[in-house]
Amino acid sequence: MAPLIELRNVKKYFPVMKGFILSKPVGWITAVDDVSFHVEKGETFGLVGESGCGKSTIAKLVLFLEKATSGTILFRDRDVSELGAKEMHEYRSSVQAVFQDPGASLNPRMRIDSIVTEPLVVNNHLPRHVVKERMEEALDQVGLDRDAARRFPHEFSGGQRQRIALARSLIVGPSLIILDEPVSALDVSIQAQMMNLLKELQTRLGVAYLFIAHDLGTVRYMSHRIGVMYLGKLVEQGVAEEVYIKQRHPYTQALFSAALPSHPDKMKEEIILTGEVPSAFNPPSGCRFHPRCGYVLPVCPESEPPLKEVAPGHHVACHLFDPC
């Protein structure tokens with residue numbers, strides 16, 4: 001059976017323009033470079049990495065807010081770029097999003113009932129009583145009283161506003177929800193409540209998540225599988241618990257070593273990376289990570305390592321795993 005959604009060798013470059021009136025491109029920013037992964041029905045695929053590594057650009061590509069420079073995005077084994085108007089309409093209903101800042105994603109001049117039902121009204125022609133029933137059901141699903149429907153966003157806390165954003169995405173019955181840093185702006189206790197709600201909804205509704213975050217503990221708790229990105233490239237991918245316990249790529253090891261331990265008494269060695277993250281405008285040749293890597297080999301600056309399987313279901317892009 002085909003995955004729910006699959007990215008094959010997806011690239012996204014943004015032009016760097018020079019000139020005010022007769023501007024022309026003088027170079028390209030490599031936001032996403034040859035990324036491939038898939039998300040199965042009802043699973044959570046976590047994308048993790050430093051700011052600027054391309055995670056949110058992938059979200060925009062999947063949502064079709066940006067068009068890929070090259071590569072293919074398949075939804076239920078169909079190329080999204082080749083969908084007709086009606087099919088694209090259905091795709092946009094099937095793939096929804098919840099973003100980091102609920103305050104910025106909710107119109108402060110609209111009441112909650114209008115905010116939550118907006119995607120349903122735009123994408124479907126349903127009787128008013130059906131729309132109201134769907135709205136009340138969506139509010140129930142995220143744990144909000146139906147009385148909330150007549151209030152405005154500023155009357156709610158940050159956690160409640162994020163529940164409203166989630167209700168808006170659920171009302172059209174999506175198959176996949178893009179969660180772009182959905183809990184990072186919330187208090188720790190509220191984060192736990194939100195993550196438990198997301199997992200409960202996934203179990204009940206069978207919805208899949210593309211979970212984008214920089215907090216490794218959050219990604220471990222939420223995800224079935226994890227992809228680690230560095231400077232537009234996917235450098236490691238595997239089952240969440242296995243990647244968390246046994247990181248193979250030097251960048252993944254450094255990233256996880258900088259995370260807070262699961263217990264205050266647990267000691268672990270911190271890996272200090274030298275230098276700064278290179279510019280996406282002029283990325284290093286060969287392996288993108290080699291200028292900061294403590295295990296750099298002569299081949300690293302010359303040849304880009306492919307993402308290859310080093311253990312069942314565990315893929316790494318690193319020359320350390322090349323056969324001798």
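Q: Which residue takes a positive phi in the hairpin of E9 and E10?
A: Leu231 does, with phi near 50°. The hairpin has two residues between its strands. Strands here are DSSP runs of E, at least two residues long, and helices are runs of H or I, at least four long, numbered from the N terminus. The model is predicted, so to speak of a local feature requires pLDDT of at least 70 and side-chain atom pairs count only at pLDDT 80 or more, while totals for chains, interfaces and linings use all residues. Residues are numbered from 1 along each chain as its sequence is written, and side-chain values use heavy atoms, without hydrogens and water.

Q: How many bridges join E9 to E10?
A: Strands of a sheet pair through backbone hydrogen bonds, either parallel or antiparallel. Two strands count as paired when DSSP finds at least two bridges between them. E9 and E10 (residues 233-239) run antiparallel and share six bridges. Arg225 has Val239 in E10 as its bridge partner. E9 also pairs with E3, in the parallel sense, over four bridges.

Q: Is E9 enclosed or open to solvent, and which way do its residues point?
A: In a regular strand the side chains alternate between the two faces of the sheet. In E9, Arg225, Gly227 and Met229 point one way. Ile226, Val228 and Tyr230 point the other way. Buried means under 20% relative accessible area, exposed over 50%, and partly exposed in between, with a 1.4 Å probe and protein chains only. Six of the six residues of E9 (residues 225-230) are buried, so the strand is largely enclosed by the rest of the structure.

Q: In what order do the strands of the sheet lie?
A: The order is E6-E7-E8-E3-E9-E10-E12-E11. This is an open sheet of eight strands with mixed pairing. E6 (95-98) and E11 (308-311) stand at the edges with a single partner strand each, so one side of each has no neighbour in the sheet. Neighbouring strands are turned by 25° against each other on average, direction ignored.

Q: Which strands does helix H2 lie across?
A: Axes are lines fitted to C-alpha atoms, for helices over the stretch in contact, and angles run from 0 to 180 degrees between N-to-C directions. H2 (residues 85-94) lies across E6 and E7 (176-180), at about 40° to E6. H7 (residues 188-205) also packs on the sheet, touching E3 (44-48), E7 and E8 (208-213). Its direction makes about 160° with that of E8.

Q: At what angle do H4 and H6 pack?
A: The angle is about 35°, with the axes 6 Å apart. H4 (residues 112-123) passes H6 (residues 158-170) in a right-handed crossing, one where the near helix is turned clockwise from the far one by less than a right angle. Contact means heavy atoms within 4.5 Å. H4 contributes Ile112, Ile115, Val116 and Pro119, and H6 contributes Ile164, Ala167 and Arg168. Six of these residues are nonpolar, none polar and one charged. Ala, Val, Leu, Ile, Met, Phe, Trp, Tyr, Cys and Pro count as nonpolar, Asp, Glu, Lys and Arg as charged, and the others, Gly among them, as polar.

Q: Where does Thr44 lie, and is it buried or exposed?
A: Thr44 lies in E3. Thr44 is buried, with a relative accessible area of 0%. Leaving aside neighbours within four places in sequence, its contacts include Tyr209, Phe211 and Met222.
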